[in-house]
Amino acid sequence: MAETSAVAVANEFLDLQAADTSNFPPIDQMKIQKLVYYAHAWWLAIKNEPLFDDDIEAWPWGPVVRNVYGEFKSCGKSPITTERAMELVKTGESGAFKVREPEKPSKAVRDFLASVWKSHKPLTGIQLSNATHGPGEPWTIVKEQYESLDDKPRIPNELILEVFKAKLPKVAG
C-alpha cells in the first residue's frame, strides 16, 4: 500500500506554500498537478514504490491526477490559497461514506515533500508543465504512443519509475 494519497500530497504543498514567506509564483491548478506528479515520480525513483495509489493520466497540458483536479476545479486559473482537497472515505460495514480532509502524510513524507517544494516552487505551473513535455518524459512517451490524449490515458508507474530512476545520478551528481 502506498504511503499517502494524492489529495493529501496536494494539501501538504498548499500548507508549505502558506508557511513560506519567500517570493515565488503561487500554486494554481496547473502547478498543484505538476507538484503532485513530480513528488510521486521522485518518490518512485528513490523508494521503488508509489507515493500514492491514484492514477496519473496524460492530459493535454501534462500529467494530471483526476481527483486532485476535481477538488480544485472551481479555482480555475486563480491561485489556490484557502481551499483544501477532501476525500470520500468509508465509515463502516453498512456502505456509508463521508467526506473529510485526508490524513496528513507521515513526517518522512512531509520532509520529502518539503524538498520537492523547495526545488520546484520558483517555477510557474506552465514552466512545470512544459518540463513534463520534453523528449523522453513519461507524458511525452504516452502521447507519442496514443497519438491523441482525448481519452486521458494512464501514465504507468513503471514508465515513470524507469524515466526518473535514470535521472537520479544526474540530480545527485
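The model is a predicted one, in which local features need pLDDT of at least 70, side-chain atom pairs count only at pLDDT 80 or more, and totals for chains, interfaces and linings use all residues. Residues are numbered from 1 along each chain as its sequence is written, and side-chain values use heavy atoms, with hydrogens and water left out.

**Overall picture**

The protein holds seven helices and four strands, and from the N terminus on they follow the order α-α-β-β-α-β-β-α-α-α-α. Helices here are DSSP runs of H or I with at least four residues, and strands are runs of E with at least two, numbered from the N terminus.

Its radius of gyration is 16 Å, which agrees with the value near 16 Å for a compact globule of 173 residues; the radius is taken over C-alpha atoms, and the globule rule is 2.2 Å times the number of residues to the power 0.38. Along the principal axes, the C-alpha atoms fill a box of roughly 45 × 40 × 30 Å.

Of the 173 residues, 46% are buried (under 20% relative accessible area, with exposed over 50% and partly exposed in between; 1.4 Å probe, protein chains only). Among contacts with a separation of 6 or more, 69% join residues 24 or more positions apart, where contact means heavy atoms within 4.5 Å.

| Residue | Loop | Relative accessible area |
|---|---|---|
| Glu 137 | between helix H5 (125–132) and helix H6 (138–146) | 10% |
| Ile 155 | between H6 and helix H7 (157–172) | 1% |

What does the side chain of Glu 137 make a polar contact with? Its partner is the side chain of Lys 167, at 2.6 Å. A polar contact is a pair of N or O atoms within 3.5 Å; within protein, one must be able to donate a hydrogen and the other to accept it, and residues adjacent in sequence count only if both atoms are side-chain atoms. Leaving aside neighbours within four places in sequence, Glu 137 is in contact with Lys 167, Phe 164, Ala 131 and Thr 132.
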